[in-house]
Amino acid sequence: QVQLVESGGGLVQAGNSLRLSCAASGRTFSSYAMGWFRQGPGKEREFVAAIRRTGGITYYAESVKGRFTISRDNAENTVYLQMNTLKPEDTAVYYCAAALNPNDVRTTPTYWGQGTQVTVSS
């Protein structure tokens, strides 16, 4: 069982940056691949980024590639999403997710956080 708690969301102007954090409970954090998803107003939830257990391999949606960076600190049981050059279309609730199988973390994660709101004004 893994519990995930996101933080760091807020209201920012377009072009600015935010860093989201996701703190995970439990002593097996390093066993999980971690991911970020988002759900914009009136949209379905979509994959944003993922990182494998050791952090050596990352994946990104095309819409955020080059602007967002996912990272993790296994000693702190935390995964981060650094979001730069934010756009109004990045406005969404951002969710942290975890899966033991790294192939699942981009599609069907096992565990989800409660989400944190990111609003980007133009």
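Strands are taken here as DSSP runs of E with at least two residues, numbered from the N terminus, and two strands are said to pair if DSSP finds at least two bridges between them. The model is a predicted one, in which local features need pLDDT of at least 70 and side-chain atom pairs count only at pLDDT 80 or more, whereas totals for chains, interfaces and linings use all residues. Residues are numbered from 1 along each chain as its sequence is written, and side-chain values use heavy atoms, with hydrogens and water left out.

An open sheet is formed by four strands in the order S1-S3-S8-S7, with antiparallel pairing. Strand S1 (4-7) and strand S7 (68-73) each have a single partner strand and stand at the edges, so one side of each is left without a neighbour in the sheet. On average, neighbouring strands of this sheet are turned by 15 degrees against each other, direction ignored; the axes are lines fitted to C-alpha atoms.

Four antiparallel bridges connect S1 with strand S3 (residues 18-24). Within this pair, leucine 4 lies opposite alanine 24 of S3, and serine 7 lies opposite serine 21 of S3.

Arginine 38 is located in strand S4 (residues 33-39). This residue is buried, its relative accessible area being 5%. One, of 2.9 Å, is with the side chain of aspartate 90, and another, of 3.5 Å, is with the side chain of serine 63. Beyond four places in sequence, the residues in contact with arginine 38 (heavy atoms within 4.5 Å) include Val48, Val64, Phe68 and Tyr94.

The structure holds one cavity of 30 Å³ or more, a cavity being a set of points on a 1 Å grid where a 1.4 Å probe fits but cannot get out. The largest cavity has a volume of about 40 Å³, a volume being the space filled by probe spheres set on the points.

Key: Axes fitted to C-alpha atoms, helices over the stretch in contact; angles between N-to-C directions. Buried < 20%, exposed > 50% of the residue type's maximum accessible area, 1.4 Å probe, protein only. Polar contact = N/O pair within 3.5 Å; in protein donor to acceptor, adjacent residues only side chain to side chain. 1 Å grid on protein atoms, 1.4 Å probe; cavity = no way out; pocket = protein on both sides within 12 Å on 5 of 7 lines; lining within 4 Å.
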